[in-house]
Structure formats: C-alpha cells, structure tokens
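Welcome! Take a moment to look over the sequence and turn the structure around before reading on.

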Amino acid sequence: MAASFLFSQFVGGLTTAMFLFLIASGLSLVFGVMRVINFAHGTFYMIGAYLAWQAMQWFAPSPSAFWPAVLLAALGVALLGAIVERLLLRYLYGREELYQLLFTYALVLILGDAAKFTWGTGQLSVFRPLVLDGSVQLFGTTVPLYNLFVMAIGPAIAVGGWLVLGRTGAGRMVRAASYDREMLDALGANVGVIYTGMFVVSSFLAGLSGALVTPIVSIVPGMDVEIIVQAFIVVVIGGLGSFWGTFWGSVIYGQVLSFGILIFPGFSLFSVFALMAVILILRPWGLLGRPIR
Amino acid sequence: MTRQGSALAGRIPWTLLVFLVAIWVPWLGARYDTFLGTQIAIEALFAVSLNLLLGTTGLVSFGHVAYFGVGAYACGILMKTYHLPFIVAFPAAGIAAAAFALVFGFFCVRLTKIYFAMLTLAFSQIVWAICFKWNGVTGGDQGLPEVPYPNLDWITAIPGLGNLGISDRFYLLTLALVALSLAALRKVVRSPFGRMLTTIRDNPERAAFIGINVRAYELAAFVVAGAFAGLAGALFGIFNRGVFADYVFWSKSAEVMIMTILGGMNYFWGPPVGAFALVWLNQEITSYTQYWPFVLGSILLVLLFAFPGGIVGGVVAGFRRARRFMNPRHA
C-alpha cells in the first residue's frame with residue numbers, strides 16, 4: 001500500500017478524532033465531576049449547529065459572519081445548559097444514577113423535538129469561512145485548511161483544559177469536587193456553583209463543537225443521537241472523567257475507524273464497539289481513568 | 001393497604017384474570033384494538049423481563065434491546081430463511097437470546113452501577129452494528145421484511161373460533177404465550193432465587209457476606225431476563241411483519257425503561273401497566289401531532305420529579321392514604 005494512501009487515512013482519522021474530542025471533552029468533564037452521564041450532550045451539540053446556522057441568517061448569509069455566529073451559538077447553548085442545571089438537574093444529584101440517566105434522555109426527546117419544530121426536518125448547511133476555504137498538499141494528500149484548523153483546535157482545548165484544571169485555583173476546586181463532594185462541601189466551598197459552572201462549560205463546548213462542525217457536516221435532525229454514542233465510546237475508552245484519556249480515546253477511535261475500514265470493509269462500526277467492549281472488560285475505568293467507588 | 005389487604009391482593013391470580021379479560025378483545029373491540037392489544041402484550045413482556053433486572057435485582061441495563069433484537073432476528077431468520085415452523089423458531093429465539101445474554105452478561109456483571117449500564121449499552125450497539133451491516137444474514141439496513149405468520153389454522157378448528165381473521169388468531173396466540181411467560185416470570189420473582197436477587201439489590205455487600213455468589217446470581221437474572229426479552233422480540237418480529245435493525249438501536253432500550261418506570265418498577269404489574277399506558281398514549285397522541293417524543297419526554301420529566309413510584313406506585317400510595325383516612329386505627 002502506498003505511503004501517501006496510509007497518510008491520507010491517518011489524516012482522515014485524525015480529523016474525526018479531533019471533532020469527537022471537542023464533543024467528548026464536555027461529556028467527560030461533566031461525568032468526571034458530577035458523575036452524570038449526559039445523553040443530552042449530543043442534543044446540545046445539535047442545537048449549537050442549528051444556532052450557528054440561525055445566527056448566520058440573522059447577520060448576513062456570508063462567510064464572514066461565521067466566527068461571530070460560532071461564538072453566539074456556543075454562548076446560547078451555554079445559557080441553555082445553565083437553565084437546565086439550575087432549574088432541573090440539580091434536584092436529581094442525590095438520586096440514583098438511573099433517574100439522572102433518564103432525565104438527560106428526557107432532554108434528548110424534548111429538545112430534539114423542539115429543534116425539529118423550530119428549524120424543520122430539512123438539511124441545512126453553512127458556508128466555510130473565507131480564511132479557511134482552501135486546501136494544502138501534504139505528502140501527496142490534499143487536506144482542506146478547515147480540517148487542519150480543527151486538528152489544531154482539538155489539542156489547543158486539551159492543553160487549555162489541562163492547564164486550567166491543573167494550574168488554577170478554580171481547577172483545583174473542580175478536581176476536589178470530583179474526588180469527594182461531601183468533604184469539599186464540609187470545608188465550606190460552594191459545590192453547587194462548581195457543578196453549575198462545570199455544566200455550563202460542558203454545554204459551551206458542546207455548542208462550540210456543533211457550530212464548528214457546520215461547514216463540514218449538514219445539519220439534520222437525528223445528528224444528536226448518532227454523535228452521542230460515538231462520544232460515549234471515546235469517553236469510555238479513555239476513561240470516564242479523565243481529560244487526557246478522552247483526548248487519547250478520540251485519537252484511538254479515529255484511527256481504528258479509519259483503518260478498520262481497510263481491514264473489515266463495512267464492519268468498521270463493529271470494530272470500534274468491539275474495542276470499547278474489550279477495554280471495558282479489561283479496564284472498566286478506561287485507559288487513563290481511575291477506579292471509582 | 002393493610003397487611004391482610006396486600007396478602008389478599010397477592011393471592012389473586014392477576015395473570016389469569018387479565019388474560020381472561022383481554023381474550024375478548026377480538027369479539028368486543030374493533031380490528032384496531034386487536035392490533036393495539038397485540039402490541040401491548042408484547043411490550044408488556046419485554047418490560048417485565050427488563051424489570052427482573054431493574055426493579056428486582058437493581059441492575060440498570062441500558063442494552064436490554066439487544067436480546068429483544070436477537071430474539072426477533074433468530075425467529076425471523078428461522079421462519080423466513082429456513083422455513084421452520086413457529087413452534088421451533090419461538091423457543092429457539094428465547095434460547096438464542098439467552099445465549100447472547102450469557103456471553104455478554106458474563107462480562108457485564110463484573111462491573112457495577114454506571115459502568116454496568118455503559119457496558120450493556122456497548123454490547124447492544126455491537127449487536128446493532130452487526131444487524132445493520134451483515135447483509136447476508138440479517139438483511140443489513142433493508143432488514144428482513146415479510147416474516148411469515150405462524151400456521152394458526154388449528155385455532156380455527158376450535159369450536160367458536162372458526163371465523164377469526166389471521167391477526168385475531170395471532171393476537172390470541174400472543175396473549176396466551178405472554179400470559180404463560182408472565183406467570184413464569186412471576187414464579188421466578190417469588191421463588192427463593194428471586195428473593196435472593198432482591199437481597200442483592202438492597203445490599204450487595206451483605207449478600208456477599210452471607211455467602212451468596214452475587215455475580216452468579218446477577219448473571220442468572222441477566223440470562224433469564226434476556227431469554228424472555230428474546231421471546232418478546234420473536235413475537236414482535238412476526239407482529240410487525242418484519243425484523244429491522246432499528247429494533248436494536250439504543251434509544252429503544254430507553255423506551256422500554258421509560259415504560260417500566262412509568263408503570264412502577266417496584267411492582268410486578270408496574271411494567272405491564274406502563275406498557276399499556278405508553279402504547280395507548282402513543283396511539284392517541286400521534287393522531288394529533290407528530291411530536292410524540294416531546295410528549296414522551298415531558299411525561300418522563302413529570303414522572304422523575306413528581307411520581308418516582310410510577311402509576312402503580314401512585315395508586316398504591318393513594319389507596320394507603322384513603323385507608324388511613326377511613327380507618328385511623330390502622331395507621
């Protein structure tokens with residue numbers, strides 16, 4: 001097999017990986033700190049995509065409106081996340097995980113239909129921003145500039161998140177909350193604010209990834225339940241709650257999907273699910289996660 | 001309800017009673033009621049099988065639809081591709097689902113809580129991916145259309161049943177099979193084995209201390225639940241005139257879970273009540289609006305925040321309150 005062909009598979013896998021990382025990072029944060037598996041994270045992502053489209057319509061349907069639209073979409077989804085957490089989710093923290101799972105599933109149903117009601121069932125698409133509307137040749141493979149941008153933004157968020165979590169006071173609080181909520185509470189920290197903050201940041205990331213995906217993927221109802229399963233796999237492979245784990249989980253997922261197609265054509269989906277099952281069997285807490293009680 | 005009251009309620013053979021009432025639907029109801037009745041019966045069996053894990057054993061399985069799907073495909077493939085009679089294909093579907101549940105469950109019961117839920121979800125998506133892609137056997141994304149009805153001419157030979165249509169005959173068959181399955185599941189829940197499962201739900205550490213092999217019990221429950229889900233799936237494939245990969249998608253697992261909780265997972269009859277309520281509501285609401293998921297999500301929200309005990313839990317609590325109000329000495 002030609003080296004350039006393998007390289008193009010690698011680049012394709014990496015693009016998938018970095019998109020997934022954008023989505024999965026928020027999912028992983030919320031699980032790590034709050035122990036809530038948020039099925040609605042995919043729906044937040046879809047709403048981010050729709051909001052970006054909507055903002056483009058408001059500003060002017062031109063490529064220059066892309067960046068403000070992305071920001072507006074991410075902020076809009078963050079606001080939605082804040083409302084959901086403050087009004088509903090926080091009353092379920094003390095309950096069994098089953099109720100939290102079903103609560104986030106109720107959000108999937110309600111918000112998914114609300115999006116269908118607002119934006120219809122057709123396909124929508126968004127222009128690529130002018131600055132990134134070209135492509136470059138790398139080792140004999142054509143790579144769109146936009147994909148390169150996504151490949152850069154993934155690691156940027158990973159490093160940023162790692163610095164904030166590891167080096168700032170707020171990050172220390174968050175880590176403490178993920179270790180022992182009650183102890184932190186007893187020490188006088190406002191755990192409720194930390195939880196709300198994490199949920200808002202996670203929603204912001206979901207909205208951001210949804211908005212950033214619009215130039216590549218067309219916006220359709222149902223894109224939420226499709227993406228959420230993939231994001232779960234990534235988070236589970238890397239380790240529920242581990243930020244770097246999610247990063248490497250995405251990279252592995254992207255490469256397995258991309259090269260799995262070569263080995264079992266048609267069964268690459270199967271190969272990633274099988275990978276997830278094997279990892280859960282051998283290391284239930286994932287590659288870089290830690291066992292929790 | 002007082003102690004005597006609940007003992008009395010426990011002694012009534014509910015399964016037989018419901019069966020004897022529901023059997024009249026083909027004569028009293030419209031054609032459409034028979035259709036709804038068949039669906040309710042099948043979903044009820046599916047939900048009760050899930051509740052063996054959810055309510056009785058306290059295992060949150062988010063992939064129960066996998067075994068439903070395996071049963072549906074097994075029965076569909078045997079009947080359509082190999083032209084085997086229903087009487088062979090139906091038990092085979094249960095056995096196939098149990099075999100899958102045994103293999104997957106072996107790994108799943110090693111995990112607890114949220115990890116258990118995630119691994120069951122992962123396995124059900126593996127099943128979905130296989131069903132969706134394996135064109136040669138499962139029909140891939142085209143599915144297996146036109147699964148034949150079982151040969152039910154013998155029913156018409158029974159005096160008084162001669163003029164029933166095929167869907168009515170299939171309804172009666174479904175009803176009988178579901179009633180038998182529910183009776184069997186009821187026996188399982190009430191047996192010493194079932195009591196052990198409840199002990200494990202309430203306190204797995206203590207159960208382990210008194211010498212119960214917790215994993216083995218959980219695995220056994222998982223296999224039994226899987227087998228009955230497979231039987232429900234087999235009936236559903238025939239009822240729906242085909243088996244499609246959609247049946248195995250993860251959101252179906254959430255739907256059956258909603259049914260179980262809507263009815264009340266702390267009661268044996270909760271899931272069937274939930275199945276009845278949800279199928280009927282779906283019917284009523286989809287005739288007004290296409291936004292059924294929105295309604296379902298809203299119902300779920302109300303349920304989670306206001307009625308965590310579900311319909312049956314709410315009714316029982318209401319009865320208790322009424323009893324206390326009428327007869328304060330019993331309070």
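In which helix of chain A does L20(A) lie? L20(A) belongs to helix α1, which covers residues 3-34 of chain A. Please keep in mind while reading that this is a predicted model.

Leaving aside residues up to four places away in sequence, L20(A) touches Q230(A), A231(A), V234(A), S250(A), Y253(A) and G254(A). Another pair to look at is L20(A) and S258(A): they are 238 residues apart in sequence, and their C-alpha atoms are 14 Å apart in space.

**Chain A as a whole**

Chain A has 11 helices and two strands. Reading from the N terminus, its elements follow the order α-α-α-α-β-β-α-α-α-α-α-α-α. Along the principal axes, the C-alpha atoms of chain A fill a box of roughly 60 × 50 × 35 Å. A compact globule of 293 residues would have a radius of gyration near 19 Å, and chain A agrees with this, at 19 Å. Of the 293 residues in chain A, 51% are buried. Among the contacts in chain A with a separation of 6 or more, 77% are between residues 24 or more positions apart.

Strand β1 (residues 135-138) and strand β2 (residues 141-144) of chain A run antiparallel and are joined by four bridges. Within this pairing, Q137(A) stands opposite T142(A) in β2(A). The strands β1(A) and β2(A) form a hairpin with two residues between them, and F139(A) in the turn has a positive phi of about 50°.

In soluble globular proteins, nonpolar side chains tend to be buried together. Here the largest nonpolar core has 215 residues, and those with the most contacts inside it are A52(A), L102(A), M276(A) and L45(B). Helix α1(A) supplies the largest share of this core, 16 residues. To see the surroundings of A52(A), look for A69(A), V70(A), A73(A), V126(A), G210(A), A211(A) and T214(A), which it touches when residues up to four places away in sequence are not counted.

**Where the chains meet**

How many residues does each chain bring to the contact? Chain B gives 32 residues and chain A gives 30 residues. On the side of chain B that touches chain A, the elements giving two or more residues are α7 (113-133), α14 (250-263) and α16 (292-306) of chain B. Of these, α7(B) gives the most, with 13 residues. By class, this side of chain B has 26 nonpolar, four polar and two charged residues.

L304(B) is buried, with 21 other C-beta atoms within 10 Å. Residues up to four places away in sequence aside, L304(B) touches Y99(A), L102(A), F103(A) and A106(A). One of these, L102(A), was named above among the residues with the most contacts inside the largest nonpolar core.

Most residues other than glycine have a negative phi, and most peptide bonds are trans. Against that background, H83(B) has a positive phi near 55°, and R241(B) has a positive phi near 60°. H83(B) sits in the loop between α5 (65-80) and α6 (86-108) of chain B, while R241(B) is in the loop between α13 and β2 (242-243) of chain B. H83(B) is exposed, with 9 other C-beta atoms within 10 Å. R241(B) is exposed too, with 12 other C-beta atoms within 10 Å. The C-alpha atoms of H83(B) and L304(B) are separated by 46 Å, and the two residues are 221 residues apart along the chain.

**How confident is the predictor?**

The table gives the pLDDT of each chain.

| Chain | Mean pLDDT | Residues at 70 or more |
|---|---|---|
| Chain A | pLDDT 83 | 95% of residues |
| Chain B | pLDDT 84 | 94% of residues |

Among the elements of chain A, β1(A) has the lowest mean pLDDT (75) and helix α3 (residues 66-87) of chain A the highest (91). For the complex, the predictor gives an ipTM of 0.81 and a pTM of 0.85.

How values were computed: Residues numbered from 1 in each chain as written. Chains lettered and ligands numbered in written order. Predicted model: local features only at pLDDT ≥ 70, side-chain atom pairs only at ≥ 80, totals over all residues. Rg over C-alpha atoms; globule rule 2.2 N^0.38 Å. Buried ≥ 20, exposed ≤ 12 C-beta atoms within 10 Å, placed from the backbone. Contact = placed C-beta atoms within 7 Å. Nonpolar A, V, L, I, M, F, W, Y, C, P; charged D, E, K, R; others polar. Core = buried A, V, L, I, M, F, W, Y, C linked by C-beta atoms within 7 Å. Pairing = 2+ DSSP bridges. pLDDT = per-residue confidence, 0-100.
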